[in-house]
Amino acid sequence: MTIRMDGKELPMPQTRSLFPALRTDTPCHPQVVAYYFKQWQGFHMPFHTHDATEIMYTIQGFCDIELQLSPLQTERVRLKKGEFILLDANVSHRLIVEDEEPCRMLNVEFRFAAHRGVMPSIQQIAAEEKQFSSLLEVETSYLVLRDPDEIYHVMKSLVLELDKAADKSETMIHLLIAQLLIRIARLRRETVSNSLVQSERYVKQSLDYMHQNYDREIQVKEIAAAVNLHPAYLQRIFKAVTGQTLIAYLTEIRMEKAQMLLLETDIPIADISEYIGVGSRQYFHMLFKAHTRFTPTDYRKSMNKHKAVYPEES
């Protein structure tokens, strides 16, 4: 079993898109099969699965959701007030609420049924709404999002309409479910965009820190502390944005500085490692040769041969 962000590398489960039941040409629409408000406290639910997609919304307090995504991968997600999880059908999961604080939730479960009536099918909505179409293509078994109060109001309106028994409007129910899914799709797109902007800001701060401190023997944890992030999280977003690890990028900065010092100054080669934050001279020589295919001595000699010599003016 693995827990997210534990640093272990284990086989990942085969990727899947949300709502695999929609991978068909048969028009369909979502049909609510269960819904309820519930306050939990000191509750550890056993792992279970069901054939309905579930939205679990935290109204008050907090809770943990554990998900068994494969025999080798278990993830644990904490939901706080105003956050919800969209969990695909047939994913093994359980709810955990500790004794210290109760958690009030609103749950809605739905399946996809054959399309009927005059309302548009899910496929027709996806054809018109690009953001909703992109939600259907997300390769994941669940989504966790923070709600700006829009999702909860639609969910509440939906369950109140469902509770009207004989007076409920099937047209209104279809409209509310469609609105709910479209709003979730839009919220996901906004969250992804905001997360990318935030990640790029943290990466820029990290780059600035490395450029200003490459002459010291800095570690990943120091860079992470400078930008107020967990080291593992910073390493993940840095690799996603730059395509390199923090250490690889820091080494690249140092080797470029070493090349400049060898070419443009008379600093003894034996001292250059101290100028670029590499404490061991032997390790510096190894890094430099791996980076340039030259030893520091050969690089200085080779580059000096190619320097232009201009005659002095008479």
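A nonpolar core, as the term is used here, is a set of buried Ala, Val, Leu, Ile, Met, Phe, Trp, Tyr and Cys residues joined through side-chain atoms within 4.5 Å. Keep that in mind as we walk through this structure, which is a predicted model.

Let's start with the overall picture. The protein has 314 residues, and 42% of them are buried. Its secondary structure comes to ten helices and nine strands. If you look at contacts between residues at least 6 apart in sequence, 75% of those join residues at least 24 apart.

Now for the largest nonpolar core. There are 37 residues in it, and Phe132, Leu158 and Ile184 are the ones that touch the most other members. Setting aside its neighbours within four places in sequence, Ile184 is in contact with Ile55, Phe84, Leu86, Leu135, Leu145 and Ile151. There is also a second, separate core of 19 residues, and among its members are Val203, Ile237, Leu246 and Leu250.

Next, take a look at Asn107, which sits in strand S8, the stretch covering residues 103-114. Is Asn107 buried or exposed? Its relative accessible area is 3%, and since anything under 20% counts as buried, Asn107 is buried. The side chain of Asn107 makes a polar contact of 2.6 Å with the side chain of Glu54. Leaving out residues up to four places away in sequence, Asn107 touches Ala34, Tyr35, Tyr36, Glu54, Ile55, Met56 and Tyr57.

From there, move to the loop between S9 and H3, where you'll find Pro148 and Asp149. Pro148 has a relative accessibility of 49%, so it counts as partly exposed. Asp149, with a relative accessible area of 48%, is partly exposed as well. Asp149 has another feature to check: its phi is near 80 degrees, a positive value in a residue other than glycine. As for Pro148, it is 65 residues away from Glu83 in sequence, yet their C-alpha atoms are 9.2 Å apart in space.

Back to H4, this time for its meeting with another helix. How do H4 and H6 lie relative to each other, parallel or perpendicular? H6 covers residues 231-242, and it packs with H4 at an angle of about 95 degrees, with the axes 9 Å apart. Angles of 65 to 115 degrees count as roughly perpendicular, so that is how H4 and H6 are described. On the H4 side, the residues involved are Ser199, Glu200, Tyr202, Val203, Ser206, Leu207 and Met210, and they meet Tyr233, Leu234, Ile237, Phe238, Val241 and Thr242 in H6. Sorted by class, this contact has nine nonpolar, three polar and one charged residues. Also in H4 is Asn213, which counts as buried because its relative accessibility is 14%. A polar atom of the Asn213 side chain lies 2.8 Å from the backbone oxygen of Tyr209.

Another helix pair is worth a visit. H7 (residues 246-264) and H9 (residues 281-292) pack at an angle of about 90 degrees, and their axes are 10 Å apart. These two helices are therefore roughly perpendicular to each other. Thr251, Glu252, Met255, Ala258, Gln259 and Leu262 in H7 meet Phe284, Leu287, Phe288, His291 and Thr292 in H9. That contact divides into six nonpolar, four polar and one charged residues.

Zoom in on Met255 in helix H7. With a relative accessible area of 0%, Met255 is buried. Not counting residues up to four places away in sequence, Met255 touches Ile276, Phe284, Leu287, Phe288 and His291. Met255 and Phe284 are 29 residues apart in sequence, and 8.8 Å apart from C-alpha to C-alpha.

Our last stop is Arg293, in the loop between H9 and helix H10 (296-305). Arg293 has a positive phi of about 70 degrees although it is not a glycine. At 74% relative accessibility, Arg293 counts as exposed.

Key
Residues numbered from 1 in each chain as written. Heavy atoms only, no water. Helix = DSSP H or I, 4+ residues; strand = E, 2+ residues; numbered from the N terminus. Buried < 20%, exposed > 50% of the residue type's maximum accessible area, 1.4 Å probe, protein only. Polar contact = N/O pair within 3.5 Å; in protein donor to acceptor, adjacent residues only side chain to side chain. Contact = heavy atoms within 4.5 Å. Axes fitted to C-alpha atoms, helices over the stretch in contact; angles between N-to-C directions. Parallel < 35°, antiparallel > 145°, perpendicular 65-115°, else oblique. Nonpolar A, V, L, I, M, F, W, Y, C, P; charged D, E, K, R; others polar.
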